[in-house]
Structures are given as C-alpha cells and as structure tokens.
Amino acid sequence: MRTFRDRIRHALLFELIGLALFIPAGAYLFGLPAAKLGVIGVVSATVATLWNFVYNIGFDHAMQRFVGHTSKTLGHRILHTLLFEGGLLLVLLPPIAWYLGIGLVQAFLMDLAFVVFYVVYAFVFNLAYDRIFPVPARLPVRLAPGAV
C-alpha cells in the first residue's frame, strides 16, 4: 500500500494539475469569468483533495479485504474513478448552483462536463502516477527455521 507521504503527493499533484487545466478550459467553454471558475475550482479542489485522500485509503482497504491486494485492473480503475466522481458530484453540486445563481438542473448539466473532464483526467493521471511512482514491492516475510 502507499505511504502517507505518497498519498499527500498524489492528492496535491492531482489537484494542482487539474486546476491548471480546468480553469482556462472551463472559462472558455462556458463563457464564465476565469475568476468565478477559479473560486469554483479552488473550493472544489480543496473538497476533492480531502475526499481523494479519504476515498483512496478506503478503496485500497476494500481492495485489500475483498481481493487480497491493491493492484488495480482496468475494471478496478474504472470503478474507482466512477465512484470517486459520483461521491464528489453529490457534495459539490448544491454549492456550485448557489454560487453561480443557477438551478440544480443547469448546475448538474454544467457539472457533467466537469465530470467527463475529471473522469478522463483521473484515469490518465492515476495510470501515469502509478507508472512514475510505483508501489514498492513487498518483500516476503521470512519465518525463522522451525516456525509455523
């Protein structure tokens, strides 16, 4: 499993790179001031960073318990990403609608575009992160002679 320090690096890199892509792209696509999207982005990134940290620990523990390891197949990565984004959507949708002065349906439609971006981004980021910063292999436990 990943170390505490590695999880912090993962969360911070994910959010910083995501914001650098999200703010200018969102401002262009939705015709909103970059400052408004910056506020939404920073608040969302803060919430997402906390959610990312907690969620990834929980997901790894669930994998360890149910499949005996934390190596993710393509299916695991897809499930991981969809569950993460779904949980984040439920938390962020009402504040975004309120801040922009729009209805929940309009905010949901706007957020769908953000979710599509972040689902693709999360998949690519996590795949790259795991290749750049692989989880160290665990050494087998050696028992003393005669131990059971």
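Guide: Happy to. One term first: contact here means heavy atoms within 4.5 Å. Please also keep in mind that this is a predicted model.

Leaving aside residues up to four places away in sequence, Phe22 touches Leu37, Ile40, Gly41, Phe114, Phe117 and Tyr118. Phe22 also belongs to the largest nonpolar core, which has 29 residues. Along with Phe22, the residues with the most contacts inside this core are Phe14, Leu37, Ile40 and Leu100. Two or more core residues come from each of H1, H2, H3 and H4, and H4 gives the most, with nine. In soluble globular proteins, nonpolar side chains tend to be buried together.

The structure holds two cavities of 30 Å³ or more. In the largest cavity there is about 220 Å³ of space, and 18 residues line it. Nearest its centre lie Ser44, Leu88, Leu92, Phe114 and Tyr118; among the partners that Phe22 touches are Phe114 and Tyr118, so named again here for the link. Helices H1 (4-30), H2 (34-67), H3 (74-100) and H4 (104-132) each supply at least two residues of this lining, with the largest share, six residues, coming from H3. By class, the lining of the largest cavity divides into 13 nonpolar, two polar and three charged residues.

The second largest cavity has a volume of about 70 Å³. Its lining is made of His10, Phe14, Asn52, Asn56, His80, Thr81, Phe84, Ala122 and Asn126. Again H1, H2, H3 and H4 are the elements that give two or more residues, and H3 gives the most, with three. The classes here are three nonpolar, six polar and no charged residues. Phe14, one of the residues that line this second cavity, is also among those with the most contacts inside the nonpolar core.

Finally, the open space. The largest pocket holds about 540 Å³. It is lined by 25 residues, and the closest to its centre are Arg2, Asp60, Thr70, Lys72 and Val135. H1, H2, H3 and H4 each give two or more residues to the pocket lining, and H2 gives the most, with five. Sorted by class, the pocket lining has seven nonpolar, eleven polar and seven charged residues.

Terms used:
Residues are numbered from 1 along each chain as its sequence is written. This is a predicted model: local features need pLDDT of at least 70, side-chain atom pairs count only at pLDDT 80 or more; totals for chains, interfaces and linings use all residues. Side-chain values use heavy atoms; hydrogens and water are left out. On a 1 Å grid over the protein atoms alone, a cavity is a set of points where a 1.4 Å probe fits but cannot get out, and a pocket is an open set with protein on both sides within 12 Å along at least five of seven lines; lining residues have an atom within 4 Å of a point. Grid points are joined across faces, edges and corners, and a volume is the space filled by probe spheres set on the points. Helices (H or I, at least four residues) and strands (E, at least two) are DSSP runs, numbered from the N terminus. Ala, Val, Leu, Ile, Met, Phe, Trp, Tyr, Cys and Pro count as nonpolar, Asp, Glu, Lys and Arg as charged, and the others, Gly among them, as polar. A nonpolar core is a set of buried Ala, Val, Leu, Ile, Met, Phe, Trp, Tyr and Cys residues joined through side-chain atoms within 4.5 Å. Buried means under 20% relative accessible area, exposed over 50%, partly exposed in between (1.4 Å probe, protein chains only).
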